[in-house]
Amino acid sequence: MPIRITHRNKPTPLTVLVFFLGSLLSILAASEGHAGPREQAKRIHDRIAGVPPSPAVLNAMEADLVANDEITAAYRAMDNDAFYNVTLKNFATPWTNRDQTVFAPLNDYSATVVGMVRDDVDFRQVLYGDILYVGSGSGIPAYSNSSNAHYEALEQQGANLRTVLDGTLPQSAVTGLPASATAGIMTTRAAAKAFFYAGTNRAMYRFTMLNHLCRDLEQIKDNTRAADRVRQDVTRSPGGDSRIFLNNCVGCHTGMEPLTQAYAYYQYQYDSATDPEGNNGRLIYTPGTVQPKYLQNAETFPFGYVTPNDRWDNYWRQGINSLLGWDTALPGSGTGAKSMGQELAHSSAFARCQVEKVFKAVCLRAPGNSADRSQIDSMVSSFAASGYQMKRVFAESAIYCQGD
């Protein structure tokens, strides 16, 4: 006998909607699994260390989450050796070479980044601190200004970067550079080999901006700045057309040139005849003497700027690049790479860049929606409040992305 639908038992639109939403939530709950504390703990550990936790660590992290202490749980995951040997090493290595490959060997640049994160050092010092991390172990050669053998041996022996790295001695004591000439990773041997190698030293600026402010030159072009510091080696009429310089080239050079002047006394010295790749080269510093590379090709435009010293000025403090958030407590000018590195590192763009890089490394994707962008804003504030400790950023990223 057919069922007769009356006004009394006929479902209303509201009833249908409630039923539909309830079913949808049930499906989503099933797909998400509404992970309990134990599953959440495993996801956080996987995000940070890339390997499963031991039963004891998993139990401890689960207890932290039951107690609503997600940060402590995430920090436990960072006690795993893989966080230092794999996650952090792979995180920093692309910054150390022009190809931006993760497959480059461990070096003083990447080891210093790993050590700074481990020790909760104010990460802004990565661009201006008198800081360098070296390792130790049986059969490990001493640090050398003209070889990467020390770090390659650490890697070949499978050294635990969590325990062997030591940043007790300042960079100046290890390398012999004057303390005033040290500028964090910019004055490491690895950075010098990659970015002071031949050329004009503009590469050091370009890759520092790219790696630590997340801006390439095309993204900071500003044709409104004065061109008074553009060097002689830059033609003002590429292909015989001055409009190309005025509409394109000048936008990068106007701000880049006054900042790269900070590197005027640095050079990566090597024998091009016997060592064309510079594998046995070393960073040299010549205070008071501008490197010849700053004065080369003077005939290209004789009326261009002749670099007299290592004074730098930040022309980006005005115009559209003021949005990079320069620190008003700093003067915006100075001498040498150290003070220029501080200028870059104390910008709001630097802090946001570190947070975005960690987010991408942990979440395996770039921020993509309003919730992600709100999370980035929150983590930038937390990063500053923590004294610019990178472990805090890794922890908060893993907690946010555990459900991805």
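1. Leaving aside its neighbours within four places in sequence, Ser397 is in contact with Val358, Phe359, Val362, Cys363 and Met379, where contact means heavy atoms within 4.5 Å. Ser397 has its place in helix H16, and helices here (H or I, at least four residues), like strands (E, at least two), are DSSP runs numbered from the N terminus. At 0% relative accessibility, Ser397 counts as buried; buried means under 20% relative accessible area, exposed over 50%, and partly exposed in between (1.4 Å probe, protein chains only).

2. A word on what you are looking at. This is a predicted model, in which local features need pLDDT of at least 70 and side-chain atom pairs count only at pLDDT 80 or more, while totals for chains, interfaces and linings use all residues. Residues are numbered from 1 along each chain as its sequence is written, and side-chain values use heavy atoms, with hydrogens and water left out.

3. Now the overall picture. The protein has 16 helices and 4 strands, and its C-alpha atoms fill a box of roughly 100 × 60 × 40 Å along the principal axes. Of its 404 residues, 48% count as buried. Take the contacts with a separation of 6 or more: 69% of them join residues 24 or more positions apart.

4. Have a look at helix H10 (189-196). H10 is mostly covered, with 7 of its 8 residues buried. Those are Arg189, Ala190, Ala191, Ala192, Ala194, Phe195 and Phe196. What do the buried residues of H10 pack against? They pack against H6, H11, strand E1 (266-269) and strand E2 (282-285). After H10 comes Ala198, with a positive phi near 50°.

5. Two other residues have a positive phi as well. Most residues other than glycine have a negative phi. Asp120 is not a glycine, yet its phi is positive, about 55°. Asp120 sits in the loop between helix H6 (108-118) and helix H7 (149-156), and is partly exposed, with a relative accessible area of 26%. Leu364 is not a glycine either, and its phi is about 60°. Leu364 is in the loop between helix H14 (348-363) and helix H15 (370-385). Is Leu364 buried or exposed? Its relative accessible area is 69%, so Leu364 is exposed.

6. On to the aromatics. A search of the whole structure finds 16 aromatic pairs; rings of Phe, Tyr and Trp (its six-membered ring) pair if their centres lie within 6.5 Å, and planes under 30 degrees apart count as stacked, over 60 as edge-to-face and the rest as tilted. One of the pairs is Phe91 with Phe394: the ring centres are 5.4 Å apart and the planes stand at 75°, so this pair is edge-to-face. Phe91 lies in helix H5 (residues 81-92) and Phe394 in helix H16 (residues 390-401), so the pair ties together parts that are 303 residues apart in sequence. Phe91 counts as buried at 8% relative accessibility, and Phe394 does at 0%.

7. Lys357 lies over the face of Trp95, 3.7 Å from the ring centre, and Arg206 lies over the face of Phe207, at 4.8 Å. The rule is that NZ of Lys or CZ of Arg is within 6 Å of the ring centre and within 35 degrees of the ring normal.

8. The largest pocket holds about 510 Å³ of space. A pocket is an open set of points on a 1 Å grid over the protein atoms alone, where a 1.4 Å probe fits, with protein on both sides within 12 Å along at least five of seven lines; lining residues have an atom within 4 Å of a point. Of the 24 residues that line the largest pocket, the closest to its centre are Thr96, Ala190, Lys193, Ala194 and Asn279.

9. The second largest pocket has a volume of about 330 Å³. Its lining includes Trp95 and Lys357, along with Pro94, Leu210 and Cys214, among others. Helix H11 (202-212) and H14 are the elements that give two or more residues to this lining. Which element gives the largest share of the lining? That is H14, with 4 residues.

Definitions and conventions: Points joined across faces, edges and corners; volume = space filled by probe spheres on them.
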